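In these entries I record what I looked up in the structure shown below.

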Amino acid sequence: MRSIELVLTPAADAAVRAVWDALIADDLPSLGRHVSASNAPHVTLTAGPDLAVPAGFDAPVPTELRVGGVLLFPAGTERSVLVRAVVVDQTLAAFHAAVHRAAPGGVDTALPGAWSPHLTLARRVRDVDLPRAVAALRRAPLPDVLEVGGVRFWDGDTKTVTPLG
C-alpha cells in the first residue's frame, strides 16, 4: 500500500509520542511499539496500491490540525483501533481535495466525503482494555491544535518515505 500523509512538527510529533508512551506504560497496544525510521505520527490523506508520487498540489498545505475526540475503528473480534479524530476545516478539506486531484486512485474510504481523518494511537486494543486506554489518554492529553510539519509519500512495498513539502 502507498499513502500520502501529513506529518507533524517536532513538538507536535513529541506530543503524540507521549500518548504512545503512556499506552506502553500501561502495557497496552501502542504505535510506539513499532520502531522504524518511517513510524511517525501522521494523518493519512489518501492511500492505495497504485498511487504515484505527485508533482505538486494546487492548494496550500495546512499549517495546523485541530484535534477532535477519541474514536474507535473495528479491528477484529472484540478489538479496536484507538484514534483521535482530526477536525476537517476549510483549509484541510481544500488540501485533501488537491491531494486527490494530484494523486488519483485512492481507496474509497480516503475519498472526499468518505474520509475520517485521524491520528492513530494504537491498533488491536482489546475491548476489555478500553477503560485503561482512555485513562492513559487522560494522563497524556494532546493539545487542541497540532502544527503540521510537512507532507510525505509512503511506499509500503519498498518501505521508503519521500518528502513532498
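Entry one. I looked up how helix 1 packs against helix 3 (residues 130-139), and I found an angle of about 135° with the axes 9 Å apart. Helices here are DSSP runs (H or I) of at least four residues, and strands are E runs of at least two, numbered from the N terminus. The axes are lines fitted to C-alpha atoms over the stretch in contact, and angles run from 0 to 180 degrees between N-to-C directions. Helix 1 is therefore oblique to helix 3; angles under 35 degrees count as roughly parallel, over 145 as roughly antiparallel, 65 to 115 as roughly perpendicular and the rest as oblique. I noted that Val 19, Ala 22 and Leu 23 of helix 1 meet Ala 133, Ala 136, Leu 137 and Arg 139 of helix 3, where contact means heavy atoms within 4.5 Å.

I recorded the basis of these values: the model is predicted, local features need pLDDT of at least 70, side-chain atom pairs count only at pLDDT 80 or more, and totals for chains, interfaces and linings use all residues. Residues are numbered from 1 along each chain as its sequence is written, and side-chain values use heavy atoms, with hydrogens and water left out.

Entry two. I looked up Trp 20, which lies in helix 1 (residues 10-25). Trp 20 is buried, at 1% relative accessibility; buried means under 20% relative accessible area, exposed over 50%, and partly exposed in between (1.4 Å probe, protein chains only). Trp 20 and Thr 120 are 100 residues apart in sequence, yet their C-alpha atoms are 9.4 Å apart in space.

I found Thr 46 in strand 2 (residues 42-48), buried with a relative accessible area of 0%.
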